[in-house]
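Please look through the sequence and the structure shown below before reading on.

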Amino acid sequence: MNTLDPWGTVKIDNYYKLFEEFGISKFEELLEKIPNPHRYMRRHVIFGHRSYESVLSAMLSGKPFAAMSGFMPSGRAHLGHKMVMEEIIWHQQQGGDAFLAIADMEAHAVRGKTWKECRDLGINEYILSAIALGLEPSAHIYFQSRSKPVKDLAFELGIKANFSELSAIYGFNGETNIAHMISALTQSSDILHPQLADFGGPKPVVIPVGADQDPHIRLTRGLAYKVNMFFVEERMDAGKPYISVRGKSAPEEALKDISKRTGGKLYEEHVDIFKGEFQEVESTVREVELKYAGFAFMPPASTYHKFMTGLQGGKMSSSIPESHIALSEKPEEGAKKVMRAKTGGRVTLEEQSKMGGEPNKCTVYELLLYHLIEDDNELMEVYKDCVGGTRVCGNCKKYTAELMQLFLKDHQEKKELARERLKEFGL
Ligand code: TRP
Ligand code: SF4
């Protein structure tokens with residue numbers, strides 16, 4: 001069985017198992033409807049999603065939507081973090097609101113980082129990189145510890161989260177410190193707060209994550225449902241479909257209002273509606289819920305990307321320097337790491353030209369695919385030449401190392417320019 005543990009090591013043999021085991025949908029099915037798909041989408045690096053349709057339809061019809069993610073300021077930002085940053089930026093470019101949290105409460109509670117370290121790492125590693133990669137000032141960048149709405153909502157969500165549920169997801173036990181638990185709720189609050197009235201109200205929000213983060217998403221979707229006043233559902237009665245709106249803890253007035261607006265039959269804790277479109281009813285219910293000071297959250301959507309392999313094979317991890325390239329890595333050092341990376345080459349040149357290389361097992365190829373070659377045709381050429389045995393690993397590594405060095409140099413120059421612009425981002 002695949003176990004997904006956001007704070008531990010992850011072993012996922014087969015991503016596609018996730019679809020059945022956890023109810024993640026295939027991203028591929030949405031691909032052709034997306035106007036300018038990001039290279040991670042085109043290249044199936046993003047392979048799964050939950051209710052991304054909601055985001056896509058808002059995007060296509062010019063309605064509000066948002067993308068949000070958070071970064072724990074516990075070390076250096078690396079290429080894996082860059083992936084998430086790019087996904088947020090892409091959604092901003094498609095007209096969405098962008099939210100970027102620095103999870104300083106989590107880093108402080110779970111990793112023992114001081115507040116000062118959190119601040120410095122947050123700015124120098126994550127925020128500057130995100131801006132350098134193209135995040136625009138309309139983005140909401142914030143430190144968890146400084147956001148009152150986020151902390152207040154976390155407390156509210158805590159009412160609906162119990163210890164057993166959190167333990168099942170995060171492996172909490174009697175020894176776990178309470179602030180760690182609070183930081184888990186704060187993450188859910190990060191995810192839901194773009195839908196608060198202060199941030200424009202309920203809307204589709206996508207959280208682009210690595211597959212190991214799915215437990216957070218499921219927890220948060222569950223909490224969204226639990227803190228809402230109403231639950232709308234399609235049901236059957238003697239073969240006849242109808243829409244049921246349930247509101248256990250809803251004020252009587254609010255239920256009456258729903259029955260009046262929809263023409264549905266009013267009961268003590270629910271309204272049954274026999275005519276009208278589901279989506280129409282849903283949006284009426286949302287309006288009423290907001291009028292009576294409910295949250296009316298939509299379940300947050302998510303996309304799942306594959307992880308990059310560590311440069312030596314195995315997992316890419318912040319705690320193993322040789323496994324990753326940091327965005328603040330010296331450009332020459334980045335290039336050296338590429339030269340030392342594990343390839344999909346054969347043992348001898350002769351074998352290589354006879355059998356071809358194995359790009360799908362090559363971390364150098366992965367760097368090109370994920371980060372360094374934007375043009376699909378150009379990448380295709382590399383692939384073909386490798387498989388065809390005309391490409392030699394030594395040269396290929398040199399070429400990739402050069403691109404990496406140029407990228408890092410350029411990125412770091414952009415970070416210094418970004419430093420001058422922090423005020424524009426309210427920082
Ligand atoms: N827990 C995440 C990590 O370990 C950081 C995080 C905080 C986050 N809030 C978030 C991620 C909201 C996604 C969405 O890196
Ligand atoms: Fe990897 Fe390039 Fe060697 Fe192919 S030729 S295995 S892509 S390093």
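Angles between axes are sorted into classes: under 35 degrees counts as roughly parallel, over 145 as roughly antiparallel, 65 to 115 as roughly perpendicular, and the rest as oblique. This is a predicted model, in which local features need pLDDT of at least 70 and side-chain atom pairs count only at pLDDT 80 or more, while totals for chains, interfaces and linings use all residues. Residues are numbered from 1 along each chain as its sequence is written, chains are lettered from A and ligands numbered from 1 in the order in which they are written, and side-chain values use heavy atoms, with hydrogens and water left out.

**Domains**

The protein chain is divided into domain 1 (13-227 + 298-305), domain 2 (230-291) and domain 3 (321-425), with bounds that come from an automatic or database domain assignment. The centres of domain 2 and domain 3, taken over C-alpha atoms, are separated by 55 Å.

**Helix pairs**

Helices (H or I, at least four residues) and strands (E, at least two) are DSSP runs, numbered from the N terminus. Axes are lines fitted to C-alpha atoms, for helices over the stretch in contact, and angles run from 0 to 180 degrees between N-to-C directions.

| Helix pair | Angle | Axis distance |
|---|---|---|
| Helix 16 (residues 363-372) and helix 17 (residues 376-387) | about 165 degrees | 10 Å |
| Helix 9 (residues 163-170) and helix 11 (residues 214-227) | about 160 degrees | 10 Å |

Helix 9 is therefore roughly antiparallel to helix 11, and helix 16 and helix 17 are likewise roughly antiparallel to each other. Where helix 16 and helix 17 are in contact (heavy atoms within 4.5 Å), Tyr-365, Leu-368 and Leu-369 of helix 16 meet Leu-379, Val-382 and Tyr-383 of helix 17. By class, this contact of helix 16 with helix 17 has six nonpolar, no polar and no charged residues, where Ala, Val, Leu, Ile, Met, Phe, Trp, Tyr, Cys and Pro count as nonpolar, Asp, Glu, Lys and Arg as charged, and the others, Gly among them, as polar.

**The sheet**

Two strands pair if DSSP finds at least two bridges between them. An open sheet of four strands has the order 7-8-10-9 with antiparallel pairing, and its edge strands, strand 7 (231-237) and strand 9 (265-266), each pair on one side only. Strand 9 is joined by two bridges to strand 10 (residues 270-273), and the two run antiparallel; Leu-266 has Val-271 in strand 10 as its bridge partner. Helix 13 (residues 278-291) lies across strand 7, strand 8 (240-246) and strand 10, running at about 140 degrees to strand 7.
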